[in-house]
Amino acid sequence: MKSAILSFNCCGKVGIFVLMLGVLLPCVSGCGQALGVLCRAWYGDNVDPPCMEMEGKVAVVCRPRASTSYQYGDVSNELAKAVNTRVALGIKDFRKKKKRESIEMIPHEEVEKYCDGMEAESDFIEIGKAVGADQVIAIDLLGFNHIAGTNVWQGRADMNVQLIDVKTGQIIYQPESLPEYVYPRNYVVPSTDQNEWNFQREYILRLGRYISRQFVPHDRFDIDL
């Protein structure tokens, strides 16, 4: 009897899936688009982040390495701001309301006061204490470049990312490996298409979004090319 019920339930789910596919395919141009719409309907839009331990008052701090601070003096500050913004926006996408309510992002303007002239030796925990944070999203910007050749742009960045408990100094979360971020991945952007300042600004915003995915839900179909 149980096997018959299980078989019925399985067949029922498959039937619903096939029915949805049949409805969506004629309405959407292209099989890829239809499959994407179907997956959204079946699984939902957002994927939970690998780190689910973020809670309390959280500050985002980014420090450059010596090799990046000379040429890109303000990039670490702009990147911290971009990550803070993306994480603050992404908090609302947590499925559990209780999880959303347990996180408060410290405004970047408060953190920025303590990051003027920040160097590789700057202490994440001390800055966290200064702004009253419970946790710090700590970003070490190991390498950053946006020039791929003469008047052509392609961003490349290497970084270490951690979530640190300010009170204990414990590293709560650190990804085993965070691949080099390249944008655009498969081509370069000539200066005739986009000037250098605009490209670098867009690249920092995209890099911020990339890092934020470690801590807040993101759209499973949101992929940089």
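User: What should I know about the numbering and the model before I start?

Analyst: Residues are numbered from 1 along each chain as its sequence is written, and side-chain values use heavy atoms, with hydrogens and water left out. The model is predicted: local features need pLDDT of at least 70, side-chain atom pairs count only at pLDDT 80 or more, and totals for chains, interfaces and linings use all residues.

User: How is a pair of aromatic rings described, and how many aromatic pairs are found here?

Analyst: A pair of aromatic rings is described by the distance of the centres and the angle of the planes. Rings of Phe, Tyr and Trp (its six-membered ring) pair if their centres lie within 6.5 Å; planes under 30 degrees apart count as stacked, over 60 as edge-to-face and the rest as tilted. The search of the whole structure gives five aromatic pairs. One of them, Phe144 with Tyr203, is tilted, at 5.4 Å centre to centre and 45 degrees between the planes.

User: Which residues are linked into a cluster by ring pairs?

Analyst: The cluster holds Phe144, Tyr181, Phe199, Tyr203 and Tyr210. Within it, Phe199 and Tyr203 are stacked, with 6.3 Å between centres and 5 degrees between planes.

User: Is Gln154 buried or exposed?

Analyst: Buried means under 20% relative accessible area, exposed over 50%, partly exposed in between (1.4 Å probe, protein chains only). Gln154 is buried, at 11%. Phe199 and Tyr203 are buried too. Gln154 touches Phe199, among other residues; contact means heavy atoms within 4.5 Å.

Key: Lists of a residue's contacts leave out its neighbours within four places in sequence.
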